[in-house]
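This briefing goes through a structure topic by topic. Please keep the sequence and the 3D view open while reading.

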Amino acid sequence: MRGSNHPPFISISHLSKEYPNDRKVISDLALAAAAGEFVSVLGASGCGKSTLLKMIAGLSPISGGSIHIDGMIPANAREIMSFVFQDPTLLPWRTVAGNVELALEFEGLSKALRRKRIDSVLTLVGLRDVGSYYPRQLSGGMKMRVSIARALVTTPRLLLMDEPFGALDEMTRNRLNEELLTLKDAQRWTTLFVTHSISEAVFLSDRIVLMSGNPGKVHEEFAIPLPTPRTAALRGEPAFLSLVGQISRALAAIHP
Amino acid sequence: MSLNSLRLPFLVFCVFVLLWQVIVTFFKVPDYLVPSPLQIAVLIPARFGDLSSAFIITGGEALGGFLSSAVVGVAVGMFFSVSAIIRRCFYPYVVLLQTIPIIAISPLILLWLGNGSSAVLCISFLISLPAVIVNATQGLISVEINLLNLFRMGNATVPVILFKLRLPHALPHIFVGLKIAAGASVVGALVGETFAGTSALGAGGLGYSSIYALSQLDTPYLFALILTSSLLGLLFFFAVIILERRLVGKWHDSILGDRLE
């Protein structure tokens, strides 16, 4: 796909971000992603990964360069993208179904249509039975599922995920990684995924972008040619482990 | 609180009343200084009409002061949350309003509004207002940044963010303010009446009647008035608690925490 003449689904060039105090967080960053691709962004804390994601979402203004999503600038592309934050960011006064419904309220959908969409997305992420629960009654992993359901209910074409599983225990994180891939194979959205975890990035991605900081830019890219569909067993295979090792060494070389 | 946990405090109350009765009787304390509990207990049904009309007058004034401070306080908090400029200009004055003893301005209110219930209501309102504004503002502006980002991703307008995010998020904070205001509005009405209460027949509230009873050395009736005033305060406080349980009980930790035992 990347060999074709079509412009990439996401194209970022000469991107820079400066704060008013002249601190440069991102400088001359270039990144492209094809439609349907799963790209992870790896890097040390403070290298500008989250800022990059917020700029793509149009939540943080850019200082220079350009970002285009399917030919649109971020502010005009909000209808086709969803953001999954590091915390579940749920409204505690709304039930699980009510929280998912919020995304559809933004789209101005009728009540009957909302009901149907909520039912199907809750079934998809395995939350059908807890639709009437309040967030405080759920575990961390369940809350994150609600957050993902809310992002998916609008059938986005671009999913931006900012360390969504960072606060979870490893077992829950692994299971949610597997579920995320299953969902993605069914719906074929494009994903930009920010994470600290190398093995998570290798497991999920078609491609990994390594960022270096001060100021943040793309340091190196790795294609992840592991077969799909990927299952839990993949984590024990030599090809997987060798990629994890290779990327760990590259990451260590940036921050000796 | 269960009925069981009220048993001991009730016992303490009985012992206290009994001791009071015994001491007053034994030492022959004159009833204009300290009346006996029995005397007060007999007086309450005897002057029930006077007490209840005073209760209704003061209760009305306090209710007016409370409701207007709730509405105005939350509305001001909303303006503060929508515009940082407005907040920076006026918020310091709200804090200042809290430090001014309202009693010091009461004579002015009396001058402008004249004697009577409207002046009392105004004093009650002014005493209750700052707590509502301060707590409502705190709740309305302390929304987590990513929740705001979520609404921005949905292209939500300012009113949508206000009513679907800020206001429900602020409810537990607003109730902190309302609980303070519930007590303050009753105090404001009682104190206001000692300044601005009217002596017109049947128009004297609890505060005014207290001053009058004092001037007549009608101490047993004064005690009955104190009890009635306490009842009014309790009523206001519990009304707010019940409303709070209905509105935030299902989702907020401050309420659910009680039920964990």
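A:Leu210 has A:Glu220 as its bridge partner in strand S9(A). The model is a predicted one: local features need pLDDT of at least 70, side-chain atom pairs count only at pLDDT 80 or more, and totals for chains, interfaces and linings use all residues. Residues are numbered from 1 along each chain as its sequence is written, while chains are lettered from A and ligands numbered from 1 in the order in which they are written. Helices (H or I, at least four residues) and strands (E, at least two) are DSSP runs, numbered from the N terminus. Two strands pair if DSSP finds at least two bridges between them.

- Strand S8 (residues 207–212) and strand S9 (residues 217–223) of chain A run antiparallel and are joined by 6 bridges.
- The hairpin of S8(A) and S9(A) has 4 residues between the strands, and A:Asn214 there takes a positive phi near 55 degrees.
- S8(A) also runs parallel to strand S3 (residues 38–42) of chain A, with 4 bridges joining the two.
- A:Val39 has its bridge partner in S8(A), namely A:Arg207.

**The sheet S2-S1-S4 of chain A**

- An open sheet of 3 strands in chain A has the order S2-S1-S4, with antiparallel pairing.
- S2 and strand S4 (64–69) stand at the edges with a single partner strand each, so one side of each has no neighbour in the sheet.
- Neighbouring strands of this sheet are turned by 20 degrees against each other on average, direction ignored.
- Strand S1 (residues 10–18) and strand S2 (residues 24–33) of chain A pair over 6 bridges.
- A:Ser11 has A:Ala32 as its bridge partner in S2(A), and A:Ile12 stands opposite A:Leu31 in S2(A).
- S1(A) and S2(A) form a hairpin with 5 residues between them, where A:Asp22 in the turn has a positive phi of about 70 degrees.

**Chain A as a whole**

- Chain A contains 7 helices and 9 strands.
- The radius of gyration of chain A is 18 Å, which agrees with the value near 18 Å for a compact globule of 256 residues (taken over C-alpha atoms; the globule rule is 2.2 Å times the number of residues to the power 0.38).
- Along the principal axes, the C-alpha atoms of chain A fill a box of roughly 50 × 45 × 40 Å.

- Helix H3 (residues 48–82) and helix H6 (residues 117–141) of chain B pack at an angle of about 35 degrees, with their axes 6 Å apart (axes are lines fitted to C-alpha atoms, for helices over the stretch in contact, and angles run from 0 to 180 degrees between N-to-C directions).
- The contact of H3(B) with H6(B) has 17 nonpolar, 11 polar and 1 charged residues (Ala, Val, Leu, Ile, Met, Phe, Trp, Tyr, Cys and Pro count as nonpolar, Asp, Glu, Lys and Arg as charged, and the others, Gly among them, as polar).
- H3(B) also packs with helix H8 (residues 158–196) of chain B, at an angle of about 145 degrees and with the axes 7 Å apart.
- The contact of H3(B) with H8(B) divides into 15 nonpolar, 8 polar and 3 charged residues.
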